[in-house]
Every structure is written in C-alpha cells, then in structure tokens.
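Subject: Structure handover, pockets

Dear colleague,

Here is the structure for your files. My notes on its pockets follow below.

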Amino acid sequence: MAQQRNIQKSRPSQPIAVFDSGFGGISVLKELARLMPGENYLYYGDCKNAPYGTKSTAEVRELTVWNIGRLIENGAKAVVIACNTATSAAAETLREKYPDIPIIGMEPALKPAALSMDHAQVLVMATALTLREDKFHQLLQTFENTADIYLLPAPGIVEFVEQGVTESPGLSAYLSELLAPYRRQRVDCIVLGCTHFPFVRESIRRALGYPVRFFEGGRGAARETRRRLQAQCLCNPQAKPGTLNFETSCGASEKKRLCQKLFGLYQPM
C-alpha cells in the first residue's frame, strides 16, 4: 500500500535516485547531470557494505533491493542502479516489485566495443561477480565470434576509488602488474565494466603504455534514463539547474565530501 501511494504521488520535480555500492556511481551521476541538468538528483552510496563485487549474488540482491526500496518509499521518481554488479543481481527483481517506477541498470559496454572495428581485441575489466553472472555471459556469447574478448577481474580498483585515490604510486603499481600481459599482447579496446573504473581511466592508459579506446556504460544509462522519463512524462520542466544531494550508509560528513570531490574529478570521455 505504501508503495502504491508513493507511485501515485510521483511528480516531475521529485528526484532521480542514483544508487551504488559506494562511490563509483558518481561517474554515472555526472553523465546524468550533464544530459539532464534540470533534474533533481539524490545519490546514495552503500559504502558501509562496499565492495559488492566480492559478495555472493544473494547478498548483493538483498542489499540492493532493501536500499532501493527505501529510496522509492522516500519519493524517488526513478532509480538508476549505477553499479554493474548490483544490476546483474537485482535489477529484474526490482522491476517486478516496482513495475511503475523507471529502474535503469548498467551493462558493460561490450557491444559498442566489439563492433568498433573489424574483429577487435577487447579487454573487459570488471568485478569478479559481474564477470561470472549469467547476464554477462549471455552478452559475451552474442559477440564472441565478432571480436576476441578477454576478461580481467580487477577488484583492487574499487578499493582505491573508495578511498578517493584516482592517481598514486600504489595504484600505478597495482595496474602495472594487473595489465602486464596486455602490454605484450596488445588490445584495441577496454570495456570498463564497473562504474568505479572510469575514475582511473588515465592511470590504466599509462599502465598499458600505448593508445587504446575506452568504452563505459554511464552515458548510455543516462540516455536510457531520459528516454524512460520522457515516455512516462516525468521529466522536470524547470529551466534552472536541479539540486544534487549525496547520502551514504556510513553517514560520515567526510564521505559526503568525498562524493563531492569525485563528482568534480570525473571527466566524461
């Protein structure tokens, strides 16, 4: 009943909730705010339970459904699951539970990478959970004959970004070791399959030591959000810039400051 009451009261001025396990989803928030500057946004990072990528699918589903349910009950008109791991685990469950709320998830940008050139060499960097989910393997099977695709779990990147570190000797050393095989066996494209990873795009480029094209899902998620809002007449018509609020499960003021710092640091491609 509470769910239905909130859906009935949805108005264009209500915020779009952007949810992530921590702070990586701020890269998606930046794309949303750039595409739809008049919208009001509420970013919620579950940093208390981060990282999600090392948890079981059931754990991630439970955390995601609970957190997003609370955001919807508090008046979000739409939700962007700005986390590939949480999308894989919980998006369908949430869409079944809230059929009248636009719920937009993330998907590794494998399709545009695989189709970017004739038989591209594509490296997919993501969390271990994203890479082992059925949803990703269905996507992989679709393009496995179109490109040579290599999978690289990279959980350590999340830990650096969660500390606000996008450049450091420690990060460089980690990436240098992780990417050593791909300095010898060159790739054409890198799919950044976790929303934390775009923050270290330039560090990855330097660790490789040669030019490479990056593909990430934030811009596509932003376009899909706009399309869904337009379809349901939920776009905010105001001409002035919307509001931007940050909340975290940690509740500490320094975490909110870190959100603001990362929002300012992220540079879309």
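Three elements each give at least two residues to the lining of the largest pocket: helix H5 (110-114), strand E8 (213-216) and helix H12 (218-231). Helices (H or I, at least four residues) and strands (E, at least two) are DSSP runs, numbered from the N terminus. H12 has the largest share of this lining, three residues.

The model is predicted: local features need pLDDT of at least 70 and side-chain atom pairs count only at pLDDT 80 or more, while totals for chains, interfaces and linings use all residues. Residues are numbered from 1 along each chain as its sequence is written, and side-chain values use heavy atoms, with hydrogens and water left out.

A pocket here is an open set of points on a 1 Å grid over the protein atoms alone, where a 1.4 Å probe fits, with protein on both sides within 12 Å along at least five of seven lines; lining residues have an atom within 4 Å of a point. The volume of the largest pocket is about 250 Å³, counted as the space filled by probe spheres set on the points, which are joined across faces, edges and corners. Its lining includes Glu107, Lys111, Phe215, Arg219 and Arg223, and divides into five nonpolar, two polar and five charged residues.

The second largest pocket holds about 210 Å³. Of its 13 lining residues, Ile104, Gly105, Met106, Ala221 and Glu224 lie nearest its centre. Helix H4 (84-97), strand E4 (103-104) and H12 each give two or more residues to this lining, with the largest share, four residues, from H12.

Regards

Technical notes
Ala, Val, Leu, Ile, Met, Phe, Trp, Tyr, Cys and Pro count as nonpolar, Asp, Glu, Lys and Arg as charged, and the others, Gly among them, as polar.
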